[in-house]
Amino acid sequence: MNVLRKIALLFFIACTSLVVHAQDSSFHFIKTISGDFSYFNVDNLDNIYLLTAGNQLKKMNLNGDSIGVYNNVRGYGQLFSIDVSNPLKTLVYYKDFSSVIELDKQLAVLHTVDLRTQNIFSVKAIATSYDNNMWLFDDGERKLKKVDDNGVLLLETVDFSSLFDSIPSPVKIIDKDGFVYLYDPTKGFYIFDYYGSLKNKLPFLHWHSVEVIGKIMFGFDSTTLYAYEANSLNLKQYQLPAVFSDALQIKISNNKVYVLKKEGLIVYSINN
């Protein structure tokens, strides 16, 4: 049974129980991390980042052991996003101040990057690049840019107005296996190589919690899990059970499914 079918079956099984029983050994309930969380993320080492209702960012491993805490979440106003692409460098982004706080693996502050010093004032999406710099989309100049830890420009695309009739405003950037994926829920995916050349555009609209795993693009809406396999050009859809309708956030990562609900974060494994 392939991973996509296992994920779909997991959602079906979860309708009746939080614990997946032995009738299908492909699935295993790992744990529930109880708490009042407004957001979470997971890095590629299975470390979990949880933002509490009291605006404390906690990092823990899958066993629940604490790795680090960042208490100054509101130091630059309202937190906009957290990127954990690199487990050794977490990016905490404050849109209102165009500022990025870089945290180390224990969530201690490494750098503060004020993008305004580089005349970058309007950014909705950032991500760590493959070479440990930072991707961002500058809405003001309508360009995908790569900058260093001081915000100094390393690379940029042409103005998107010369590429597209309708200019995207991406809310998510993913650097994966030689490509940079920009996602605008009203326009779809825009895929670039590491030199800033456009490679593809895919009109998958209104997804949230988008991820790229291997050559598969995942996303959700309120009722459906979508999975697009780039190699086969095949879009698969799996109906979500009603029990997940109140999920605050769902994420697929490291062969696991993470479901954030009001009572906490529920973690399942998917065994190949």
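Buried means under 20% relative accessible area, exposed means over 50%, and partly exposed lies in between (1.4 Å probe, protein chains only). D246 is partly exposed, with a relative accessible area of 41%. This is a predicted model: local features need pLDDT of at least 70, side-chain atom pairs count only at pLDDT 80 or more, and totals for chains, interfaces and linings use all residues. Residues are numbered from 1 along each chain as its sequence is written, and side-chain values use heavy atoms, with hydrogens and water left out.

**Salt bridges**

- The whole structure holds 14 salt bridges (a side-chain nitrogen of Lys or Arg within 4 Å of a carboxyl oxygen of Asp or Glu).
- K261 and D246 form one of them, at 3.3 Å from N to O.
- K261 lies in strand β23 (residues 256–261) and D246 in the loop between β21 (234–239) and β22, so the pair ties together parts 15 residues apart in sequence.
- K261 is buried, at 10% relative accessible area.
- K251 and E211 also meet in a salt bridge, at 2.5 Å from N to O.
- K251 sits in strand β22 and E211 in strand β18, so this pair joins parts 40 residues apart in sequence.
- Both K251 and E211 are buried.
- D138 pairs with K145, their closest N and O atoms being 2.9 Å apart.
- D138 is buried at 2%, and K145 is buried at 4%.
- A network of salt bridges links D138, E141, K143, K145 and E156.

**Largest pocket**

- A pocket is an open set of points on a 1 Å grid over the protein atoms alone, where a 1.4 Å probe fits, with protein on both sides within 12 Å along at least five of seven lines; lining residues have an atom within 4 Å of a point.
- The largest pocket has a volume of about 1,100 Å³ (the space filled by probe spheres set on the points, which are joined across faces, edges and corners).
- Its lining has 44 residues, with N41, K172, V210, E211 and K251 nearest the centre.
- Strand β18 gives the most to this lining, with six residues (strands are DSSP runs of E, at least two residues, numbered from the N terminus).

**Second largest pocket**

- The second largest pocket holds about 210 Å³ of space.
- Its lining has 13 residues, and F179, Y181, I191, N200 and A230 are the closest to its centre.
- β17 gives the most to the lining of the second largest pocket, with three residues.

**Strand β17**

- L198 lies in strand β17 (residues 198–202).
- L198 is partly exposed, at 35% relative accessibility.

Key:
Helices (H or I, at least four residues) and strands (E, at least two) are DSSP runs, numbered from the N terminus.
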